[in-house]
Amino acid sequence: MPGKADYIFFYGTLMRTFPLRARVGIDDWLEYVGDGRVPGLLFDLGAYPGLVADARSEVCGEVYRILNATKLFNRIDPIEDYRVMAPHDGQYIRQAMNATLDDGRAKTVWCYVCNQPLPLSGRIEGGDYRHYVKS
């Protein structure tokens, strides 16, 4: 894993209010820290969103402290189609990014970033998937 982060950022269907979160059974390996943002653009990919790093905009999500990295990544890397042995072959790359929590604290977080061409349309304005699916 390039870089080191003790935190992870979820911006889509792995956030607390989505059914996928309960189905994957990862809560014992995480501790919620707070809502926050990472630099990027968010796109609607159908059943889930995709993030592209971009310093000109922000994506909203949740920051968690990782309590058991091995178990967590063994469970969610396949869901995100991140391939540890061939990182650039999957749909997402797990990379370290800088997050800013809503209370102003800064954390280095792992984040799944799109590794595939994105549609020309489908950008989620405002970068907030929770708000987007409610509207």
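Two residues are in contact here when heavy atoms of theirs lie within 4.5 Å. With that in hand, let's walk through the structure. It is a predicted model, in which local features need pLDDT of at least 70 and side-chain atom pairs count only at pLDDT 80 or more, while totals for chains, interfaces and linings use all residues. Residues are numbered from 1 along each chain as its sequence is written, and side-chain values use heavy atoms, with hydrogens and water left out.

Helices (H or I, at least four residues) and strands (E, at least two) are DSSP runs, numbered from the N terminus. Setting aside residues up to four places away in sequence, Ile-79 touches Leu-20 and Val-24. Ile-79 has a relative accessible area of 36%, so it is partly exposed; buried means under 20%, exposed over 50%, and partly exposed in between (1.4 Å probe, protein chains only).

Past the helix, Asp-81 belongs to the loop between H2 and strand S6 (92-101). Its phi is near 55°, a positive value in a residue other than glycine. Asp-81 is also partly exposed, because its relative accessible area is 24%.

Now turn to the sheet. Strands of a sheet pair through backbone hydrogen bonds, either parallel or antiparallel. Here a closed barrel of 5 strands runs S1-S5-S2-S6-S7, with mixed pairing; two strands pair if DSSP finds at least two bridges between them. Strand S1 (residues 7-10) shows both senses: with S5 (residues 58-66) it pairs antiparallel over 4 bridges, and with S7 (residues 106-114) it runs parallel, joined by 2 bridges. Ile-8 takes part on both sides, standing opposite Tyr-64 in S5 and having Trp-110 as its bridge partner in S7. Phe-9, in turn, is bridged to Val-63 of S5. Which way do the side chains of S1 point? Tyr-7 and Phe-9 point one way, Ile-8 and Phe-10 the other, and all are buried.

Finally, look at Arg-21 in helix H1 (residues 19-24). Is this arginine, Arg-21, buried or exposed? Arg-21 counts as buried because its relative accessibility is 4%. A polar atom of the Arg-21 side chain lies 2.7 Å from the backbone oxygen of Leu-14. Beyond its neighbours within four places in sequence, Arg-21 has contacts that include Phe-10, Glu-62 and Tyr-64.

How values were computed: A polar contact is a pair of N or O atoms within 3.5 Å; within protein, one must be able to donate a hydrogen and the other to accept it, and residues adjacent in sequence count only if both atoms are side-chain atoms.
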